[in-house]
Amino acid sequence: MAERLDARQWGNWWTKNHLTSFHGHFHNNYDGPLRQFWEQHFATLPEGATILDLATGNGALALLAEEYSRQHQKNFHVTGIDYAEIQPGALQERHPLLGGITFLSCTAMEATGLESASQDMIMSQFGFEYGDMPAAIREIRRLLKPGGCFHAMLHHQDSAVLAQAREALAQIKHCEKSAAAETASALVELQARLAREKKLSEKDQQKARQLHQALRESLEKLNRYARQLKDPSHVRMFTQSIMVLFDRRNAGRISPPQRLQTIQRLMAENESYRQRMKDLRSAAYGNKDFQTLKKCLKQQGFISVSTGSQEYAGRHFCHTVSACLAD
Ligand SMILES: C[S@@+](CC[C@H](N)C(=O)[O-])C[C@H]1O[C@@H](n2cnc3c(N)ncnc32)[C@H](O)[C@@H]1O
């Protein structure tokens, strides 16, 4: 479990005002075939239906339900729960309909404390797989009304998202192994000394030359590696953030303490990105997990249990699961 993010770490992510857990994608919410999948299920619900979003984060999926409800006069009652301290309120200016949703922070999907047989539909987008499967299914079974359904999109180990996560982990490792950030810090320390003392000793001058050379070589090596990649965005961001600090044009503009702060922030971002990618990798289900999931759902009395592959932009994006209770 060391690879998993805890509630505090997720809470930290949600304070950064992200709508989803995808960095740099889905700024305006899940779209295309993902949205269609959900809207097709919202369309089957009666007016006034109760919908619960498990592991809601800052409420992206709950927001899709609320938007559908307003557009089609469905008057849904949407609730989103998450075990982290979430911050959907901070996004309300950009997405006013978040205000119509009931959000419960610090609420685990395995024990929500919500009323039994209270929900017409329980849903989750990249959330259910983060919980304890048997306990979460028992809770879903308890919360659903007769005839109610559970639908989820779950990360699959063979999906394009996971391929990208593995690629990101490789890029993070290369950046770290290059020691470019540490070399840059040592160099800035010397620049700070020069700024304070107006002069460097012969020994420090030699050290500065060596550090400059080492930094140049590390960055060149990273740039060569980036050229081999289809999407080198992480390595590029890393190298450019360091290069900017040593660009002569910025010499007077960025003070040594500001440079050190930027390098420290970069190292912290590298680490937090690595933790999130490892968390994603360890949460994703393989084919065996989907078999177990289907078995667990059937054991709890669900009927018409099905799983399927979901595409996005022409690639396998994730898997879906749907299961309903008898009326
Ligand atoms: C990948 S994020 C997805 C959030 C949201 N569904 C989305 O699509 O943006 C996973 C979320 O699961 C939550 N989570 C993890 N384990 C949980 C649990 N046992 N009960 C409730 N929430 C949990 C985390 O706090 C995090 O917000």
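How many bridges join E6 to E7, and do they run parallel or antiparallel? I looked this up first. Eight bridges join the two strands, and E6 and E7 run antiparallel. One pair I noted across them: Glu 311 stands opposite His 316 in E7. The model is predicted, and I read every entry below with that in mind.

**Entry: the hairpin**

I followed the chain from E6 into E7. The two strands form a hairpin, with two residues between them. Ala 313 sits in that loop between E6 and E7. I checked its backbone: phi is positive, about 50°, although Ala 313 is not a glycine. Is Ala 313 buried or exposed? I counted 8 other C-beta atoms within 10 Å, so Ala 313 is exposed. Then I went through E6 itself. Of its ten residues, the number buried is zero, so E6 lies largely in the open.

**Entry: the sheet**

Next I wanted the strand order. Seven strands form an open sheet, and I read the order as E3-E2-E1-E4-E5-E7-E6. The pairing is mixed. Which strands stand at the edges? I found strand E3 (102-104) and strand E6 (303-312) there. Each has a single partner strand, so one side of each is left without a neighbour in the sheet.

Then I moved to E1 and E4. Strand E1 (residues 50-54) and strand E4 (residues 119-125) run parallel, joined by three bridges. I picked out Leu 52 and looked for its bridge partner in E4, which is Ile 122.

What lies across the sheet strands here? I traced helix H2 (residues 32-42) across E4, strand E5 (144-154), E6 and strand E7 (315-324). H2 runs at about 155° to E6.

**Entry: domains**

I took the domain bounds from the assignment of the chain. Domain 1 covers 7-159 + 284-324, and domain 2 covers 162-280. How far apart are the C-alpha centres of domain 1 and domain 2? I have 39 Å for that distance.

**Entry: Ala 136**

I located Ala 136 in helix H4 (residues 133-143). Is Ala 136 buried or exposed? There are 27 other C-beta atoms within 10 Å, and the cut-off for buried is 20 or more, so Ala 136 is buried. I then looked for its contacts, leaving out residues up to four places away in sequence. Ala 136 touches Met 109, Glu 110, Phe 128 and Gly 131. Ala 136 and Ala 108 are 28 residues apart in sequence, and their C-alpha atoms are 8.9 Å apart in space.

**Entry: Asn 75**

Last, I looked at Asn 75. Its place is in the loop between H3 and strand E2 (77-81). Phi of Asn 75 is near 55°, a positive value in a residue other than glycine. How many C-beta neighbours does Asn 75 have inside 10 Å? I counted 11, so Asn 75 counts as exposed.

Terms used: Residues numbered from 1 in each chain as written. Predicted model: local features only at pLDDT ≥ 70, side-chain atom pairs only at ≥ 80, totals over all residues. Pairing = 2+ DSSP bridges. Helix = DSSP H or I, 4+ residues; strand = E, 2+ residues; numbered from the N terminus. Contact = placed C-beta atoms within 7 Å. Axes fitted to C-alpha atoms, helices over the stretch in contact; angles between N-to-C directions. Domains from an automatic or database assignment. Buried ≥ 20, exposed ≤ 12 C-beta atoms within 10 Å, placed from the backbone.
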